[in-house]
Amino acid sequence: MARTRTKRFHTACQEEVYGQVKGYLDNLVDEHFDDADHCDFYLKFGSTVLEISIDPFEDDDAVIEVLAFVVQGVEPTFELTRDLLRFNSEVPLGAFSMVGEDVFFSHSFLGRRLRGEQLIASLQGVATIADEYDEKLVAEYGGETALECLRGQKDKKSSAAARRAGNN
């Protein structure tokens with residue numbers, strides 16, 4: 001029997017905002033993945049993969065962060081980090097960041113008074129900026145776009161399954 005996992009919310013407001021975001025996503029997008037261990041959602045939006053997380057902010061609010069996986073497996077160099085800082089001064093909202101060998105773009109905002117238009121604008125803005133910069137960064141610095149990385153994982157799984165089938 002499958003084990004059901006319960007979400008753990010830190011505040012009532014975080015739980016309320018999570019429910020609002022889930023409701024908007026259910027109505028707006030065909031498919032999204034709800035992470036059962038965290039207060040996160042994942043979805044493909046255009047040519048990028050977005051993560052939406054809801055974290056508590058003080059006792060009476062929650063922060064919604066929309067994060068795009070821009071480039072994965074890129075070597076962190078001085079030139080790359082300089083360009084990311086320059087790009088941050090050019091984009092109208094959000095910011096680029098780098099963790100290890102992965103580049104992200106994210107935008108955060110308070111969610112207690114969330115409106116659907118606000119969530120849509122953030123999703124579109126983050127996805128558009130990630131889409132605009134991902135191929136430029138890959139061409140200049142290497143790595144893979146998030147979509148290429150996902151496709152590569154699917155190809156690896158398919159070829160492994162084909163090898164197993166061929167061995168039977």
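The expected span of a helix is 1.5 Å times one less than its number of residues. By that rule, the 13 residues of helix α2 (residues 78-90) should span 18 Å. The end C-alpha atoms of α2 are 19 Å apart, which agrees. This is a predicted model. The chain has four helices and seven strands.

**Overall layout**

- Along the sequence, the elements follow the order α-β-β-β-β-α-β-β-α-β-α.
- The chain has 168 residues, and 38% of them count as buried.
- Take the contacts in the chain with a separation of 6 or more: residues 24 or more positions apart account for 59% of them.

**Confidence**

- The average pLDDT of the chain is 86.
- A score of at least 70 is reached by 86% of the residues.
- Residues 156-166 stay under 50 in pLDDT.
- For residues 156-166, the model has zero contacts beyond four places in sequence.

**Helix α2**

- The buried residues of α2 are L80, D83, L84 and F87.
- These cover an arc of only 105° around the axis, which puts them on the same side of α2.
- An α-helix has 3.6 residues a turn, so residues three or four places apart point the same way.
- The other side of α2 carries F78, L85 and S89, which are exposed.
- The cover over the buried residues of α2 includes β5 (95-99), β6 (102-110) and α3.

**Helix α1**

- Helix α1 covers residues 12-28, which makes 17 residues.
- At 1.5 Å a residue, α1 should span 24 Å, and its end C-alpha atoms are 24 Å apart, which agrees.
- Buried in α1 are C13, Q14, V17, Y18, V21 and L25.
- Seen down the axis of α1, these buried residues fall within an arc of 135°, so they line one face of the helix.
- A12 and N27 are exposed, on the face of α1 turned away from its buried side.
- The packing partners of the buried α1 residues are the strands β1 (33-35), β2 (40-45), β3 (48-57) and β4 (61-72), together with helix α3 (116-141).

- T11 sits in the segment before α1.
- Is T11 buried or exposed? Its relative accessibility is 16%, so T11 counts as buried.
- The side chain of T11 reaches the backbone nitrogen of Q14 at 3.0 Å.
- Q14 is itself one of the buried residues of α1.
- Leaving aside residues up to four places away in sequence, T11 touches P56, E58, D59 and D61.

- Seven of the ten residues of β3 are buried, so β3 is largely enclosed by the rest of the structure.
- β2 and β3 pair in the antiparallel sense, over six bridges.
- In that pairing, F45 stands opposite T48 in β3.
- Two residues separate β2 from β3 in their hairpin.
- G46 lies in the β2-β3 turn and has a positive phi of about 65°.
- β3 and β4 also run antiparallel, joined by nine bridges.
- I52 has V66 in β4 as its bridge partner.
- The hairpin of β3 and β4 has three residues between the strands.

- E58 lies in the loop between β3 and β4.
- What is the phi of E58? The angle is near 55°, a positive value in a residue other than glycine.
- Exposed means over 50% relative accessible area.
- E58 has 58% relative accessibility, so E58 counts as exposed.
- E58 is also among the residues that T11 touches.

- G116 lies in helix α3.
- The relative accessibility of G116 is 10%, so G116 counts as buried.
- G116 and G23 are 93 residues apart in sequence.
- In space, their C-alpha atoms are 9.5 Å apart.

Definitions and conventions:
Residues numbered from 1 in each chain as written. Predicted model: local features only at pLDDT ≥ 70, side-chain atom pairs only at ≥ 80, totals over all residues. Heavy atoms only, no water. Buried < 20%, exposed > 50% of the residue type's maximum accessible area, 1.4 Å probe, protein only. Arc of directions from axis to C-beta. Contact = heavy atoms within 4.5 Å. Pairing = 2+ DSSP bridges. pLDDT = per-residue confidence, 0-100. Polar contact = N/O pair within 3.5 Å; in protein donor to acceptor, adjacent residues only side chain to side chain.
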